[in-house]
Amino acid sequence: MGLNIKVVGAGPAGLYFAYLMKKSFPDYRVRVVEQNPADATYGFGVVFSGRALSFLGQGDAAVIERLKANMESWSDQHITHKGQRVVIDGNSFSAIARLTMLKELQAICREAGVELSFGQRVEPDGLEADCDVLVAADGANSALRDRYADEFGTQTVELKNYFAWYGVETPYDAHTLTFIGNEGGTYCGHHYRYTPRMSTMVAEVDAKTWSTSGMADMSDEERKMHFEQTFRDTLNGKPLISNRSMWRRWRLVKNGNWRHKNIVLIGDAQRTAHPSIGSGTRLAMEDAIVLWRAFTDKGTDVEAAFGQYESERRPVRDKLNAAAEKSIAWYEDIAEKMALSPYELALDYMLRTGLMTPDRLARESPRFMAKLAEEGTIPADTHG
């Protein structure tokens, strides 16, 4: 007899998992319940590295190719500091409008026979009673996870820096980090195009800038205008576009346990991801693949499938989490980095987590390393 699976949350991870399960097990009942309308999304573009797309294709390569048909792609990363652009080669990235991605994933779910329910707020009490497997894919503010916070060992840490997500009608050439320092403080913009005309702009400031610039006492609209003025050249004079774009601190959520009763956590419900070490969407969809693969191995043995999912995925997430903490610290200390030259800052950024080594950088980004050598910035322990 097949399993009865309910997924709470129709983000990319919840939809991808539901599709993979229904495609692999047509006799299973697979439902997705989402509190928002089907055409609602609170964001702009989603970016993936080439490596990430390759991994996501291990779930269903045809689906990823279908998504790639709607993506913008580029092969370099740019870092702009003191008005100078530094080009880092060897990076493959693609981005897609979040709403476009959701609509495509909704479509493949319907084609596979997944039951989709939108505009339906679920009460977490007793939600696990009418299914064999309950997947909490309802994001960082997961009501389902919070209902059992003690059982999951949920921990929440508020980080120091403040940020907001915007869109802008300026198509950037590549995934770009722009750093600006002035009398008000230190500002960072993470920006990349996701359609031929539109880009995401993630605005970030450190805690000191939040206070000294006066942003702490501003409204969100005033903060948007302040960032527009600071980044007017980067934005090509275009206004930032809001979509529930609230300024807040980065918030880190993690859980000591990933499963309780017949409930399992994936994506941001399980562990939030700082965007500087990779798209949270990518990490959530990778969770979905590993959980699906566990069910293909263990069949209807839910506890065994949960165990395989966590044992396989936790070491990967732990490694990324450790890298994320180093990356977060780098951004929180950005004011101290502003005295570096553009190429020194770019190198420091690339090596910040320890996942990238000088030797690997030499292999993957030879043109960047050649420019470092010209600038006299090449690391002493780099060979080749």
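Is Ser327 buried or exposed? Hold that one for a moment while I say what we're looking at.

This is a predicted model, where local features need pLDDT of at least 70, side-chain atom pairs count only at pLDDT 80 or more, and totals for chains, interfaces and linings use all residues. Residues are numbered from 1 along each chain as its sequence is written, and side-chain values use heavy atoms, with hydrogens and water left out.

Okay, back to the serine. Ser327 is buried, with a relative accessible area of 0%; buried here is under 20% relative accessible area, exposed is over 50%, and partly exposed is in between, using a 1.4 Å probe and protein chains only. It sits in helix α10, residues 302–332. Helices, by the way, are DSSP runs of H or I with at least four residues, strands are runs of E with at least two, and both are numbered from the N terminus. If you ignore neighbours within four places in sequence, Ser327 touches Ser276, Ile277, Arg352 and Thr353, contact being heavy atoms within 4.5 Å.

Next, strand β13, residues 199–205. Seven of its seven residues are buried. Side chains in a regular strand alternate between the two faces of the sheet. In β13, Ser199, Met201, Ala203 and Val205 point one way, Thr200, Val202 and Glu204 point the other way, and all are buried.

Who are the partners of β13? Strand β10, residues 154–168, pairs with β13 in the antiparallel sense over seven bridges, and we call two strands paired if DSSP finds at least two bridges between them. Phe163 stands opposite Glu204 there. Strand β12, residues 185–193, also pairs antiparallel with β13 over seven bridges, with Tyr187 opposite Val205. β12 and β13 make a hairpin, with five residues between them.

Now a three-stranded open sheet: the order is β3-β7-β4, with antiparallel pairing. β3 (45–49) and β4 (72–74) are the edges, and each has a single partner strand, so one side of each is left without a neighbour in the sheet. On average, neighbouring strands in this sheet are turned by 20 degrees against each other, direction ignored. Axes are lines fitted to C-alpha atoms, for helices over the stretch in contact, and angles run from 0 to 180 degrees between N-to-C directions. Five bridges link β3 to β7, residues 93–97, and Gly45 has Ala97 as its bridge partner in β7.

There's also a six-stranded open sheet, ordered β8-β2-β1-β9-β17-β16, with mixed pairing. Its edge strands are β8 (115–117) and β16 (259–260), each pairing on one side only. Inside it, β9 (133–136) and β17 (263–265) run parallel, joined by three bridges, and Ala136 has Leu265 as its bridge partner in β17. Helix α1 packs on this sheet, touching β1 (4–8), β2 (29–33), β8 and β9, and its direction makes about 170 degrees with that of β2.

Last up, α1 (residues 12–24) against α4 (residues 98–112): the angle is about 20 degrees and the axes are 9 Å apart. α1 and α4 are therefore roughly parallel to each other; the cut-offs are under 35 degrees for roughly parallel, over 145 for roughly antiparallel, 65 to 115 for roughly perpendicular, and oblique for the rest. Residues meeting across this contact include Leu15 and Tyr19 from α1, and Met101 and Leu105 from α4.
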